[in-house]
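I opened a new page for this chain. My notes follow in the order I looked things up.

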Amino acid sequence: MADENGGFDCGGLIDAVGKALRFEFGEEYAVYDEEVKQGMKTPCFFVSLCESKERLYLGSRYFRENKFLIQFYPKNANRKKRECDEVSQRLFDCLMWIRSGEEAFMGRKMRSEYEKGVLSFFVNYDMFIYRKEDKTLMGELSQRNIARV
């Protein structure tokens with residue numbers, strides 16, 4: 001998940017959330033990570049990073065909070081609320097743990113909201129990251145001795 005500078009690649013987490021959604025809900029539910037202008041198929045999910053914060057700890061260690069928004073657009077126009085309620089309950093379970101490569105991430109601060117026929121589900125995937133620092137701790141020291149007689 002770290003990039004070449006020791007930072008963090010958030011696209012890997014977005015992909016991991018999408019993979020967890022496809023595993024839980026199947027291929028009949030589309031998963032998007034970019035805005036769709038035309039041709040949106042429902043039912044579908046939109047996955048986005050909506051907020052990211054970082055705090056410095058000791059040395060080059062940082063704590064990063066990544067707040068994700070997963071929006072669900074139901075298919076059934078007559079049962080939108082009920083469909084969103086059912087999906088919300090499943091999201092709590094399927095997003096508790098996601099896996100990206102060798103790493104597993106625990107979902108925290110999960111909550112859902114229903115408004116105007118759309119379910120908004122929020123989850124944090126927080127982690128410590130380490131940044132490589134290319135610092136020379138000591139410079140070169142030269143000494144010149146002059147013999148005095």
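**Layout.** I took helices (H or I, at least four residues) and strands (E, at least two) as DSSP runs, numbered from the N terminus. Read along the sequence, I got the pattern α-β-β-β-α-β-β-β-β-β. That is 2 helices and 8 strands in the chain.

**Ground rules.** The model is predicted, so I kept local features to pLDDT of at least 70 and side-chain atom pairs to pLDDT 80 or more, while totals for chains, interfaces and linings use all residues. I number residues from 1 along each chain as its sequence is written, and side-chain values use heavy atoms, with hydrogens and water left out.

**Burial and contacts.** I call a residue buried under 20% relative accessible area, exposed over 50%, and partly exposed in between (1.4 Å probe, protein chains only). Buried residues make up 38% of the 149 residues in the chain. A contact means heavy atoms within 4.5 Å. I looked at contacts between residues at least 6 apart in sequence: 56% of them join residues at least 24 apart.

**Helix α2.** I went to residues 80-94 next. Helix α2 has 15 residues and reaches 21 Å from its first C-alpha to its last. The expected span is 1.5 Å times one less than the number of residues. For α2 that expectation is 21 Å, and the model comes close to it.

Which residues of α2 are buried? I listed E83, C84, V87, S88, L91 and C94. Seen down the axis of α2, the buried residues fall within an arc of 140°, so they line one face of the helix. The arc is taken from the directions from the helix axis to the C-beta atoms. The face turned away from the buried side carries the exposed residues R82, Q89 and D93.

I then asked what the buried residues of α2 pack against. The partners are α1 (10-25), β2 (44-56), β3 (61-73), β4 (97-100), β6 (108-115) and β7 (118-124).

At 4% relative accessibility, S88 counts as buried. Leaving aside neighbours within four places in sequence, S88 is in contact with S112, L119 and F121.

**Core.** A nonpolar core is a set of buried Ala, Val, Leu, Ile, Met, Phe, Trp, Tyr and Cys residues joined through side-chain atoms within 4.5 Å. The largest one here has 29 residues, and L21, I70, L91 and L95 have the most contacts inside it. The elements giving two or more residues to this core are α1, β2, β3, α2, β7 and β8 (127-130). α1 gives the most, with 8 residues.

Beyond its neighbours within four places in sequence, L95 is in contact with V17, A20, L21, I70, G107, M110, F121, V123 and Y125.

**Strand pairing.** Two strands pair if DSSP finds at least two bridges between them. β1 (residues 30-32) and β2 pair in the parallel sense over 3 bridges. There, V31 stands opposite F45 in β2. β2 and β3 pair in the antiparallel sense over 12 bridges. In that pair I found S48 opposite L69 in β3. The hairpin of β2 and β3 has 4 residues between the strands, and G59 takes a positive phi near 60° in it.

**Around Y29.** Y29 sits in the loop between α1 and β1. Is Y29 buried or exposed? Y29 is buried, with a relative accessible area of 15%. I noted contacts from Y29 to P43, F45 and F72, leaving aside neighbours within four places in sequence. Y29 and T42 are 13 residues apart in sequence and 7.0 Å apart in space, C-alpha to C-alpha. A cis peptide bond joins T42 and P43, with omega about 5°. P43 lies in the loop between β1 and β2.

**Positive phi.** K109 has a positive phi of about 55° although it is not a glycine. K109 lies in strand β6. K116 also has a positive phi of about 55° and is not a glycine. K116 is in the loop between β6 and β7. At 77% relative accessibility, K116 counts as exposed.

**Cysteines.** I took a disulfide as a pair of cysteine sulfur atoms within 2.5 Å. The count comes to 0 disulfides. C50 is partly exposed, at 40% relative accessible area, and C94 is buried, at 11%.
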